[in-house]
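Okay, thanks for making time, everyone.

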Amino acid sequence: MEMLNGYIVPVTLVVCLCVGYIVKHYIPTDKINKFIPLIVGLLGVIITAWNSDWVINPDILAIGLVSGLASTGLHELFRQFIDKN
């Protein structure tokens, strides 16, 4: 887990979390839900590449994917926390 901390960029995580939330709650069909990890993963790579002057290398891919996909886990964590209260 300690190793993953170097691969999570807070700005990318928050943007992907917000976009994932919007897609999940404001698009009226449930068919889109299975594509949310793909959407936020790709968005994470795009944001990370943008922050590094559009350089694409394995590190950028890993950082973008981990940050984007971590947003889905963070959303699930918040949802479970709220449902318990």
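Before anything else, a word on contacts: when I say two residues are in contact, I mean they have heavy atoms within 4.5 Å. With that in hand, take the contacts in the protein chain between residues at least 6 apart in sequence: 66% of them join residues at least 24 apart.

Some housekeeping. What you see is a predicted model, where local features need pLDDT of at least 70 and side-chain atom pairs count only at pLDDT 80 or more, while totals for chains, interfaces and linings use all residues. Residues are numbered from 1 along each chain as its sequence is written, and side-chain values use heavy atoms, with hydrogens and water left out.

On confidence, pLDDT is the predictor's own confidence in each residue, from 0 to 100. The mean for the protein chain is 90, and 94% of its residues reach 70 or more.

Now the layout. Confidence is lowest in H3, with a mean of 90, and highest in H2, at 96. If you box up the C-alpha atoms along the principal axes, you get roughly 40 × 30 × 15 Å.

One more term: buried is under 20% relative accessible area, exposed is over 50%, and partly exposed is in between, using a 1.4 Å probe on protein chains only. Of the 85 residues in the protein chain, 26% are buried.

Let's start with H1, residues 10-26. For the 17 residues of H1 that gives 24 Å, and the end C-alpha atoms are 24 Å apart, so the two agree.

Which residues of H1 are buried? They are Thr12, Leu13, Cys16, Leu17, Gly20 and Val23. These cover an arc of only 135° around the axis, which means they sit on the same side of H1; the arc is taken from the directions from the helix axis to the C-beta atoms. Turned away from that buried side is a face with the exposed residues Pro10, Val11 and Tyr26. As for what covers the buried residues, that includes helix H2 (36-51) and helix H3 (58-84).

Valine 14 is also in H1, and at 47% relative accessibility valine 14 is partly exposed. Its C-alpha is 9.6 Å from that of leucine 74, which is 60 residues away along the chain.

On to H2. This helix has 16 residues and reaches 22 Å from first C-alpha to last, close to the 22 Å expected. Its buried residues are Ile36, Val40, Gly41, Gly44, Val45, Ile47, Thr48 and Ala49, and what covers them includes H1 and H3.

How do H1 and H2 pack? The axes come within 9 Å and cross at roughly 145°. The crossing is right-handed, a label used when the near helix is turned clockwise from the far one by less than a right angle, with anticlockwise being left-handed. Among the residues that meet there are Cys16, Gly20 and Val23 from H1, and Val40, Gly44 and Thr48 from H2.

Let me zoom in on threonine 48, which is in H2. Threonine 48 is buried, at a relative accessible area of 7%. Leaving aside neighbours within four places in sequence, threonine 48 is in contact with Thr12, Ile60, Ile63 and Gly64.

Last stop, the loop between H2 and H3, where we find aspartate 53 and tryptophan 54. Most residues other than glycine have a negative phi. Aspartate 53, however, has a positive phi near 55°, and tryptophan 54 has a positive phi near 60°. Are these two buried or exposed? Aspartate 53 counts as exposed at 68% relative accessibility, and tryptophan 54 is exposed too, with 55%.

Key. Helices (H or I, at least four residues) and strands (E, at least two) are DSSP runs, numbered from the N terminus. The expected span of a helix is 1.5 Å times one less than its number of residues. Axes are lines fitted to C-alpha atoms, for helices over the stretch in contact, and angles run from 0 to 180 degrees between N-to-C directions.
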